[in-house]
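Take the contacts, the nonpolar cores, the charged groups and the aromatic rings in turn.

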Amino acid sequence: MWMYLLKRGATALLTLFVAATLTFFIMTAVPGDPFLSERAPSPEIREQMRAKYGLDKPVVVQYYNYMKNFMKGDLGVSYVQSKNRPVSEIIRKSFPVSAKVGALAILLSVAIGIPLGCLSALKRDRFLDNFVRVFSTIGIAVPGFVVATVLLLVMSVRWKWLPAAGLNTPSSYIMPVLALAMYPMCYIIRLMRSSMLDVIGQDYIRTAKAKGMRKNNLLFRQALRNSILPVITYLGPLIAGILTGGFVVEKIFNIPGLGRYYVKSIECRDYTIIMGTTIFYSGLLIFMMFCCDLVYTVVDPRITLDR
């Protein structure tokens, strides 16, 4: 177990280093800089701003300085969006907003996706199965921004049932959560259905049926535990992605979360926010994948973490 933790820790550090390095050099390779977006800056002012934040130095020197500060826990300050505001403060205040919407979307995806996937497998080739398959296929095929736009036009603009932007009331969470949950919910349905069909066709399930094992025990104690492993694998990166913000969804519904900051930082080349959010997302993704490994051992005792 300790050897496994040491290996995962070393892999996590290496992954963060590679992600930060690639992001930095790809980001700086794009033509322009954060201060080109300023309103008609004079060349003198632009050079002063570049010198103030160290952007006039060679890229290798900039990279060294950033990584040195990062090792000290300093992610820098925003250049454009919130001038001189620490990036760590931006992440600390915007992440809970994204996490709240994302957590609700994850709960909705799992609460609907797993039961519907199981029912679809148990009612194979019947009306319910056909309906669920069509619904889940459409949900996977339609992009999230289309779902968000349709919800906004129907629920807010036309019928005026729900607020169009912000998170000021409980009802304002409905549309963003639905828009974020649609794709993962439908994907979980398809994944659960396929996995359940594979499991219930195994020999040990047929043997348990022949021995007269109760249907509920057979489904929930045997089939469900073994068929849910692919869903757990999918939930790791899904949780990391949704908790850090649905970039397009937050933009459409004007939610002041981490995703919206990330989109704006790319638009205005706010380098430090791009780096900070990328590193934060990478760290969260690595942590969630580790949590998935731990859940594997609970669901299936045959899986161990000795290696």
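Contact here means that heavy atoms lie within 4.5 Å. The model is predicted, so local features need pLDDT of at least 70 and side-chain atom pairs count only at pLDDT 80 or more, while totals for chains, interfaces and linings use all residues. Residues are numbered from 1 along each chain as its sequence is written, and side-chain values use heavy atoms, with hydrogens and water left out.

Arg-260 is a place to begin. Arg-260 sits in helix H12; helices are DSSP runs of H or I with at least four residues, numbered from the N terminus. Not counting residues up to four places away in sequence, Arg-260 touches Glu-250, Lys-251, Asn-254 and Ile-255. Arg-260 is buried and has no salt bridge, and the nearest side chain of opposite charge, Glu-250, is 6.3 Å away. Buried means under 20% relative accessible area, exposed means over 50%, and partly exposed is in between, with a 1.4 Å probe and protein chains only. A salt bridge is a side-chain nitrogen of Lys or Arg within 4 Å of a carboxyl oxygen of Asp or Glu. For charge, Lys and Arg count as positive and Asp and Glu as negative, whereas His and the chain ends are not counted.

Asp-270 is also buried without a salt bridge; for Asp-270 the nearest side chain of opposite charge is Lys-83, 9.6 Å away. Asp-270 lies in the loop between helix H12 (258–267) and H13. What does the side chain of Asp-270 reach at 3.1 Å? It reaches the backbone nitrogen of Gln-81. This is a polar contact, that is, a pair of N or O atoms within 3.5 Å, where within protein one must be able to donate a hydrogen and the other to accept it, and residues adjacent in sequence count only if both atoms are side-chain atoms. Leaving aside residues up to four places away in sequence, Asp-270 touches Ser-78, Tyr-79, Val-80, Gln-81 and Ser-265.

Next come the charged pairs. The structure holds seven salt bridges. In one of them, Glu-89 pairs with Arg-85, and the closest N and O atoms are 3.4 Å apart. Both ends are partly exposed: Glu-89 has a relative accessible area of 21%, and Arg-85 is also at 21%. Arg-133 takes part in a salt bridge with Asp-129, with the closest N and O atoms 3.6 Å apart. Arg-133 and Asp-129 are four residues apart in helix H5 (residues 127–141), so about one helical turn separates them. Asp-129 is buried at 0% relative accessible area. The side chain of Arg-133 also meets that of Asp-125 in a salt bridge at 3.9 Å, N to O. Arg-133 is partly exposed at 26%, while Asp-125 is exposed at 55%. Through shared partners, salt bridges join Asp-125, Asp-129, Arg-133 and Arg-193 into one network.

The nonpolar side chains follow. In soluble globular proteins, nonpolar side chains tend to be buried together. A nonpolar core is a set of buried Ala, Val, Leu, Ile, Met, Phe, Trp, Tyr and Cys residues joined through side-chain atoms within 4.5 Å. The largest such core has 51 residues, of which Ile-114, Met-192 and Phe-253 touch the most other members. Two or more residues each come from helices H4 (87–122), H6 (144–158), H7 (174–200), H9 (215–227), H10 (229–243) and H13 (271–299). H7 gives the largest share, 14 residues. Beyond residues up to four places away in sequence, Ile-114 touches Ser-109, Ile-188, Met-192, Leu-224, Ile-228 and Val-231. Another core, of 24 residues, lies apart from this one and includes Phe-24, Phe-35, Ile-90 and Ile-274.

The structure holds ten aromatic pairs. Rings of Phe, Tyr and Trp (its six-membered ring) pair if their centres lie within 6.5 Å; planes under 30 degrees apart count as stacked, over 60 as edge-to-face and the rest as tilted. The rings of Phe-24 and Tyr-66 have centres 6.3 Å apart and planes at 35°, so this pair is tilted. Phe-24 belongs to helix H1 (residues 2–29) and Tyr-66 to helix H3 (residues 59–71), 42 residues apart. Phe-24 is buried at 5% relative accessibility, as is Tyr-66 at 10%. The rings of Tyr-187 and Tyr-234, with centres 4.6 Å apart and planes at 35°, also form a tilted pair. Tyr-187 is in helix H7 and Tyr-234 in helix H10, so the pair ties together parts that are 47 residues apart in sequence. Ring pairs also link Phe-24, Phe-25, Tyr-63 and Tyr-66 into a cluster.
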